[in-house]
Amino acid sequence: MSEEDEVQVSYFVICDLVITEEHTRKQSLIGIYSALTTSQLPLHANMAVAFSLRLQSATPRRLRVRLLDPDGGTVLETPDLPFEWQTVLHSLERSAFATIQIGLNLRMVPITKAGVHVAGLLCDDRLIASYPLQVFLQQPISG
């Protein structure tokens, strides 16, 4: 089995809000989008990132999320995301794979430029998924 087979991304999206049920860990994703329209820049956006991974080995992984601006500058980078590896181990004992679902509700993300921003999901410092976010600057209507 290759390393690419060991970690598979089921989904990776930007949305308005992620709600995770406490007992089932089931995610509800509210308002999935790929574009923001604003009348002024800079702005501080509230957004969420949600993803699900399928793991086929018990190898501990480091996961991070990064948002880059249109020029490739880093807007946001999370520290390593916490999750319970013991749960992964228990799942792998019962099945050929384990699933991890993580939702991050991000507040006050600084957006300073119009254009295509790219959210990236990194596993052990390797990009495994990306999601484009187009930021449009709405021109004032002259009358």
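**Nonpolar core.** I looked up the largest nonpolar core of this predicted model and found that it has 38 residues. By nonpolar core I mean a set of buried Ala, Val, Leu, Ile, Met, Phe, Trp, Tyr and Cys residues joined through side-chain atoms within 4.5 Å. Buried stands for under 20% relative accessible area, exposed for over 50%, and partly exposed for values in between, with a 1.4 Å probe and protein chains only. Phe 12, Met 47 and Phe 51 have the most contacts inside this core. At least two core residues come from each of S1 (7–15), S5 (43–55), S6 (63–68), H2 (85–94), S8 (98–111), S9 (115–123) and S10 (126–137). S5 gives the largest share, 9 residues. I took helices (H or I, at least four residues) and strands (E, at least two) as DSSP runs, numbered from the N terminus.

**Conventions.** I noted that local features need pLDDT of at least 70 and side-chain atom pairs count only at pLDDT 80 or more, while totals for chains, interfaces and linings use all residues. Residues are numbered from 1 along each chain as its sequence is written, and side-chain values use heavy atoms, with hydrogens and water left out.

**Phe 12.** I listed its contacts (heavy atoms within 4.5 Å), not counting residues up to four places away in sequence. Phe 12 touches Val 49, Ala 50, Phe 51, Ala 119, Gly 120, Leu 121, Ala 129, Ser 130 and Tyr 131.

**Ser 91.** I located Ser 91 in helix H2. Ser 91 counts as buried because its relative accessibility is 17%. Not counting residues up to four places away in sequence, Ser 91 touches Phe 97 and Ala 98.

**Cavity.** I searched the whole structure and recorded 1 cavity of 30 Å³ or more. A cavity is a set of points, on a 1 Å grid over the protein atoms alone, where a 1.4 Å probe fits but cannot get out; lining residues have an atom within 4 Å of a point. The largest cavity holds about 40 Å³ of space, the volume being the space filled by probe spheres set on the points. Its lining includes Ile 14, Met 47, Leu 76 and Leu 106. S6 supplies the largest share of the lining, 3 residues.

Val 18 stands opposite Leu 29 in S3. The two strands form a hairpin with 6 residues between them. In the turn, Arg 25 has a positive phi of about 65°.

Technical notes
1 Å grid on protein atoms, 1.4 Å probe; cavity = no way out; pocket = protein on both sides within 12 Å on 5 of 7 lines; lining within 4 Å. Pairing = 2+ DSSP bridges.
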